[in-house]
Amino acid sequence: MSEEVNPSSRRRLTVLTSHLQTSSSSSHSQTAMASEKEAALAADPSDSPTIFDKIINRQIPANIVYEDDKVLAFRDIAPQAPTHILLIPKVKDGLTGISNAEAKHCEILGLLLYTAKLVAKQEGLDDGFRLVINDGPDGFNLCITCTFIYLGDVK
């Protein structure tokens, strides 16, 4: 059973797919950065389901490393570090990026940070890790959701 894809979604999928292919190399060339920005600009700011929504709903498989009723953490399919995990809130509630955060989001933002600590311990990253939050097209936010990118073993 194939799902009908509207032209806007098809364009976003094409850009995101090309981004994943471009960013899979370890070099961070200007071409890759331009590709990331193009992918971020192609992200649809509507409430239509994102790739993350589909992962949460188990419509797309993911290598999940942590889950509770509010947070999901899973391995990136195109890792930029030996340990590259995405942490996302399971409910957006208008939190599509840090620049859109409101007082009502303080609890989930704190929980995402605490979850990063739990996942670091689970992954054996006792010597530290890097936590990245991309926000908006200029910050290379590829999906309209608040995503914490967790990188471990970066040297």
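Is Asp93 buried, exposed or partly exposed? Asp93 is partly exposed, with a relative accessible area of 43%. Here buried means under 20% relative accessible area, exposed means over 50%, and partly exposed lies in between (1.4 Å probe, protein chains only). The model is predicted, so local features need pLDDT of at least 70, side-chain atom pairs count only at pLDDT 80 or more, and totals for chains, interfaces and linings use all residues. Residues are numbered from 1 along each chain as its sequence is written, and side-chain values use heavy atoms, with hydrogens and water left out.

Asp93 sits in the loop between β3 (83-89) and α4 (106-122). Helices (H or I, at least four residues) and strands (E, at least two) are DSSP runs, numbered from the N terminus. The phi angle of Asp93 is near 50 degrees. This value is positive, in a residue other than glycine. Arg58 also has a positive phi, near 65 degrees, and is likewise not a glycine. Its loop runs between α3 (51-56) and β1 (64-67). Arg58 counts as partly exposed because its relative accessibility is 46%.

The strands come next. β1 and β2 (residues 71-75) run antiparallel and are joined by three bridges. Two strands pair if DSSP finds at least two bridges between them. The two strands form a hairpin, with three residues between them. Within this pairing, Ile64 stands opposite Phe74 in β2.

Attention now turns to the interior. In soluble globular proteins, nonpolar side chains tend to be buried together. A nonpolar core is a set of buried Ala, Val, Leu, Ile, Met, Phe, Trp, Tyr and Cys residues joined through side-chain atoms within 4.5 Å. The largest such core has twelve residues. Among them are Val65, Tyr66, Val71, Ala73, Ile85 and Leu87. Leu95, Ile108, Leu109, Leu112, Ala116 and Val119 also belong to this core. β1, β2, β3 and α4 are the elements that give two or more residues to it. Helix α4 gives the most, with five residues. A second, separate core has seven residues, including Ile55, Ile56, Leu72 and Ile88.

Thr115 lies in helix α4. Thr115 is buried because its relative accessible area is 0%. Contact means heavy atoms within 4.5 Å. Residues up to four places away in sequence are not counted, and Thr115 then touches Tyr66, Val71 and Leu87. Tyr66, Val71 and Leu87 are also members of the largest nonpolar core.
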